Amino acid sequence: RAKGSTHNRQVAMEAYAQVAYRIGDLRAQSKSMSAIAAQLTTEGYQTRTGSSFTAMTVSRILARRATT
């Protein structure tokens with residue numbers, strides 16, 4: 001059985017492990033969250049539900065990456 005927010009956080013971190021590096025690279029180029037989301041979509045990346053990335057999704061991935 002799932003263990004709440006800790007489990008959900010771990011699942012998200014595993015799902016976005018590869019794309020997190022790409023987001024970091026784009027952020028290092030001083031791109032905005034919206035620009036990063038658009039670039040990821042252009043490159044064919046999708047969220048774990050199969051949707052396009054949004055600025056909020058990018059922001060959350062960066063926040064999770066910063067706390068690990």
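This is a predicted model: local features need pLDDT of at least 70, side-chain atom pairs count only at pLDDT 80 or more; totals for chains, interfaces and linings use all residues.

Q: Is Thr47 buried or exposed?

A: A residue counts as buried when its relative accessible area is under 20%. Thr47 has a relative accessible area of 11%, so Thr47 is buried. Leaving aside residues up to four places away in sequence, Thr47 touches Tyr16, Ser52, Phe53 and Thr57.

Q: How many helices and strands does the protein chain have?

A: The protein chain has four helices and zero strands. Along the sequence, the pattern reads α-α-α-α. Of the 68 residues in the chain, 24% count as buried. The chain exposes about 4700 Å², and carbon and sulfur atoms supply 48% of that area.

Q: How is the packing of two helices described, and at what angle do H3 and H4 pack?

A: Two packed helices are described by the angle between their axes and the distance between the axes. In this structure, H3 and H4 pack at an angle of about 100 degrees, with their axes 8 Å apart. H3 is therefore roughly perpendicular to H4. On the H3 side, Met33, Ser34, Ile36, Ala37 and Leu40 take part, and they meet Ala55, Val58, Ser59 and Leu62 in H4. By class, this contact of H3 with H4 has seven nonpolar residues, two polar residues and no charged residues.

Q: At what angle do the axes of H2 and H4 cross?

A: The axes of helix H2 (residues 17-28) and helix H4 (residues 55-66) cross at roughly 100 degrees and come within 10 Å. H2 and H4 are therefore roughly perpendicular to each other. Val19, Ala20, Tyr21, Ile23, Gly24 and Arg27 in H2 meet Val58, Ile61, Leu62 and Arg65 in H4. The residues of the contact of H2 with H4 comprise seven nonpolar, one polar and two charged. Leu62 touches Ile23, Arg27 and Met33, again not counting residues up to four places away in sequence.

Q: Which residues make up the largest nonpolar core?

A: In soluble globular proteins, nonpolar side chains tend to be buried together. Here the largest nonpolar core has twelve residues in all: Tyr16, Val19, Ala20, Ile23, Leu26, Ile36, Ala37, Leu40, Phe53, Val58, Ile61 and Leu62. At least two residues of this core are supplied by each of H2, H3 and H4. H2 gives the largest share, four residues.

Q: What does Val19 touch?

A: Val19 lies in helix H2 and is buried, with a relative accessible area of 6%. Beyond residues up to four places away in sequence, Val19 touches Leu40, Tyr45, Phe53 and Ile61. Val19 and Gln46 are 27 residues apart in sequence, while their C-alpha atoms are 9.3 Å apart in space. For the protein chain, 50% of the contacts between residues at least 6 apart in sequence join residues at least 24 apart.

Q: Which residue has a positive phi although it is not a glycine?

A: Most residues other than glycine have a negative phi. In this model, Ser30 has a positive phi of about 65 degrees, although Ser30 is not a glycine. Ser30 is found in the loop between H2 and helix H3 (33-42).

Q: Is Ser30 buried or exposed?

A: A residue counts as exposed when its relative accessible area is over 50%. Ser30 has a relative accessible area of 66%, so Ser30 is exposed.

Notes
Residues are numbered from 1 along each chain as its sequence is written. Side-chain values use heavy atoms; hydrogens and water are left out. Axes are lines fitted to C-alpha atoms, for helices over the stretch in contact, and angles run from 0 to 180 degrees between N-to-C directions. Angles under 35 degrees count as roughly parallel, over 145 as roughly antiparallel, 65 to 115 as roughly perpendicular and the rest as oblique. Contact means heavy atoms within 4.5 Å. Ala, Val, Leu, Ile, Met, Phe, Trp, Tyr, Cys and Pro count as nonpolar, Asp, Glu, Lys and Arg as charged, and the others, Gly among them, as polar. Buried means under 20% relative accessible area, exposed over 50%, partly exposed in between (1.4 Å probe, protein chains only). A nonpolar core is a set of buried Ala, Val, Leu, Ile, Met, Phe, Trp, Tyr and Cys residues joined through side-chain atoms within 4.5 Å. Accessible areas come from the Shrake-Rupley method with a 1.4 Å probe; for residues, only the protein chains shown count as cover.
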